[in-house]
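Hi everyone, thanks for coming.

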Amino acid sequence: MKTDDLIKALAADAKSVEPPIARTLAIAVGAGALLSLIGFMMALGPRPDFFELLSTSVRYTFKLIVMLSVAIPAFFLVRCLSRPDFKPDGSLWWLALAPALLLLGIALELASVPADTWHARMIGHNSFYCMTIIPILSLAPFVAVLYALKSGAPTYPTIAGAIGGVLSAGIGATLYASHCPDDSPLFVALWYPVGFAVMTILGALIGSRFLRW
Amino acid sequence: MLMRAAIAGDEAAYRVLLEKLSQLLRGVVRRGFAGVGVPRDDVEDVVQDVLLAIHLKRHTWDPAMPLGPWVLAITRNKMIDGLRRRGRRPEIAIDLQQFDIEGEDPQASIDAYDVQRVLSSLSDRNRDIVQSISIDGHSARDVADRLGMTEVAVRVALHRSLKSLADMYQEKAE
């Protein structure tokens, strides 16, 4: 086929344009998060004194802030990565925000509680739940964000999939954090990353195949 | 400007844009491949692959940004795919800095064989639709009348066919 002929076919298909990728991603992530939220409210729900804790418990509120500090930058990064002309640059450093916050939290925790309670605070009460429920709560946003990315044109499909995994885990972990009775940054730093790692690796693996275009 | 009109669905503006882009792309791809020893015939395959990608991914262009870097990023990806299809090592620096307009190009009339092969794997009806609109230059309306389909159905079939052309390019690169 001649290129000029192909152009005729493409021009005839001019009206088929999809909605802007940023909108597709926002809708997908919103819908995925909403689905997880509904499942979460039906199966677990936040701690009964959620609103009170927000104003009285520094550790509880801090935990939620750390999780949002993963999810929000990851969303904007995924949006960048969905375009072909994005080059991984300094904006990837936004992913270091949550670990940095968490390190600060750990330092404050170690300085403020007696050393003989460190171990118990770190092991917590239900680390097994934490490791399994975060990936489960991440599933809906994970599928949604990968489908939306499929409609994009990521030059780096593996990274895009991985950050999509981080984003979905950030959403799942934010929900789970509001339920989890363990508030110490020591617990958060030890067990939460497991769920993030699972979703990130899954995203990278799927992304490297499924997000090529 | 043209791309904005194209995204709004202006067929004529879109066609002008794609024609201009195809000339630019041919120069870029040819220069990029020259140093790697890729035959000139292969250039047209990549140009067509890039045009398909521009078409199917035009919603990933941010109208607030310049069009050039977006087109070049797609071109770079598709050149690497093109090298992969030919089993060459894709780790070759491709200089896309120059993006000059070249004049009339006789290569526009050269057939690209990959698309031809890919076309033959479409269903009879879809291939008929694509060829009537592209090679014969009929409108979707005319094709619809001839095949006893609605115009919308013809447009949908055309769009799906273009998508599968792009998908088949991609599969070959893997």
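I'll start with the ground rules, then go to the interface, the cores and one threonine.

This is a predicted model, where local features need pLDDT of at least 70, side-chain atom pairs count only at pLDDT 80 or more, and totals for chains, interfaces and linings use all residues. Residues are numbered from 1 along each chain as its sequence is written, chains are lettered from A and ligands numbered from 1 in the order in which they are written, and side-chain values use heavy atoms, with hydrogens and water left out.

Okay, the interface. On chain B, 52 residues are in contact with 33 residues of chain A, contact being heavy atoms within 4.5 Å. The two chains bury about 3800 Å² between them, with 59% of that on carbon and sulfur atoms. Buried area here is the accessible area (1.4 Å probe) that two parts lose on being put together, summed over both. Within chain B, the most area is lost to chain A by Lys57(B), His59(B) and Thr60(B), together 16% of what that side buries.

How many salt bridges cross this interface? The rule finds 2, taking a side-chain nitrogen of Lys or Arg within 4 Å of a carboxyl oxygen of Asp or Glu. Glu18(A) forms a salt bridge with Lys163(B), with the closest N and O atoms 4.0 Å apart. By class, the side of chain B that touches chain A has 24 nonpolar, 13 polar and 15 charged residues. Nonpolar means Ala, Val, Leu, Ile, Met, Phe, Trp, Tyr, Cys and Pro, charged means Asp, Glu, Lys and Arg, and the others, Gly among them, are polar.

Now the cores. A nonpolar core is a set of buried Ala, Val, Leu, Ile, Met, Phe, Trp, Tyr and Cys residues joined through side-chain atoms within 4.5 Å. Buried is under 20% relative accessible area, exposed over 50%, partly exposed in between (1.4 Å probe, protein chains only). In the largest core, of 57 residues, Ile54(B) and Ile129(B) touch the most other members. Beyond four places in sequence, the contacts of Ile129(B) include Val143(B), Leu147(B) and Met149(B).

Last, Thr155(A). Is Thr155(A) buried, partly exposed or exposed? Partly exposed, at a relative accessible area of 22%. Its side chain makes a polar contact with the side chain of Asn77(B), at 3.0 Å. A polar contact is a pair of N or O atoms within 3.5 Å; within protein, one must be able to donate a hydrogen and the other to accept it, and residues adjacent in sequence count only if both atoms are side-chain atoms.
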